[in-house]
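Please keep the sequence and the 3D view open while reading.

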Amino acid sequence: MMKWFADNQERAQNALQILNALYSSFTEKPIKDLILRYINELKAPHIPVSNILNTFNLEAAKCLRENSISLTAEQLSKFKRLRALSNIKYGSSI
């Protein structure tokens with residue numbers, strides 16, 4: 001089940017854990033550089049974390065495609081978790 005985050009800080013901390021694990025799992029410089037850039041951005045976000053993560057998702061997909069980088073099952077799972085973190089829930093549950 002997806003957990004909805006109440007604030008930017010909690011969402012950023014969860015994203016940082018995932019990004020740090022992803023950073024360690026890659027050997028390819030282009031994706032490592034991209035992940036590191038977003039790790040630094042999330043340490044002191046100037047815009048909503050969900051916006052940062054949405055931009056990361058787009059840039060990461062482009063980087064992986066352009067550099068022909070394949071994901072392991074574990075890396076794919078982490079990318080899916082990041083995508084879920086970027087979702088925003090509006091209103092109340094019914």
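Lysine 78 counts as buried because its relative accessibility is 13%; buried means under 20% relative accessible area, exposed over 50%, and partly exposed in between, with a 1.4 Å probe and protein chains only. The model is a predicted one, in which local features need pLDDT of at least 70 and side-chain atom pairs count only at pLDDT 80 or more, while totals for chains, interfaces and linings use all residues. Residues are numbered from 1 along each chain as its sequence is written, and side-chain values use heavy atoms, with hydrogens and water left out.

Which helix holds lysine 78? Lysine 78 lies in helix H4, where helices are DSSP runs of H or I with at least four residues, numbered from the N terminus. Setting aside neighbours within four places in sequence, lysine 78 is in contact (heavy atoms within 4.5 Å) with Ile18, Ala21 and Leu22.

Lysine 78 is also among the residues through which H4 meets H1. The axes of H1 and H4 (residues 73–85) come within 10 Å and cross at roughly 160°. Axes here are lines fitted to C-alpha atoms, for helices over the stretch in contact, and angles run from 0 to 180 degrees between N-to-C directions. H1 and H4 are therefore roughly antiparallel to each other, a label for angles over 145 degrees. Their crossing is left-handed, meaning that the near helix is turned anticlockwise from the far one by less than a right angle. On the H1 side the contact is made by Arg11, Asn14, Ala15, Ile18, Leu19, Ala21, Leu22 and Ser25, and on the H4 side by Gln75, Lys78, Phe79, Arg81, Leu82 and Leu85. By class, these residues are eight nonpolar, three polar and three charged. Ala, Val, Leu, Ile, Met, Phe, Trp, Tyr, Cys and Pro count as nonpolar, Asp, Glu, Lys and Arg as charged, and the others, Gly among them, as polar.

H1 (residues 8–25) also packs with helix H2 (residues 29–43): their axes come within 10 Å and cross at roughly 160°. That makes H1 roughly antiparallel to H2, and this crossing is left-handed. H1 contributes Ala12, Ala15, Leu16, Leu19, Asn20, Leu22 and Tyr23, and H2 contributes Lys32, Ile35, Leu36, Tyr38, Ile39, Leu42 and Lys43. This contact has eleven nonpolar, one polar and two charged residues.

The last stop is the loop between helix H3 (49–66) and H4, where serine 68 is found. Serine 68 counts as exposed because its relative accessibility is 65%. Its phi is near 50°, a positive value in a residue other than glycine.

Notes
Helix = DSSP H or I, 4+ residues; strand = E, 2+ residues; numbered from the N terminus. Parallel < 35°, antiparallel > 145°, perpendicular 65-115°, else oblique.
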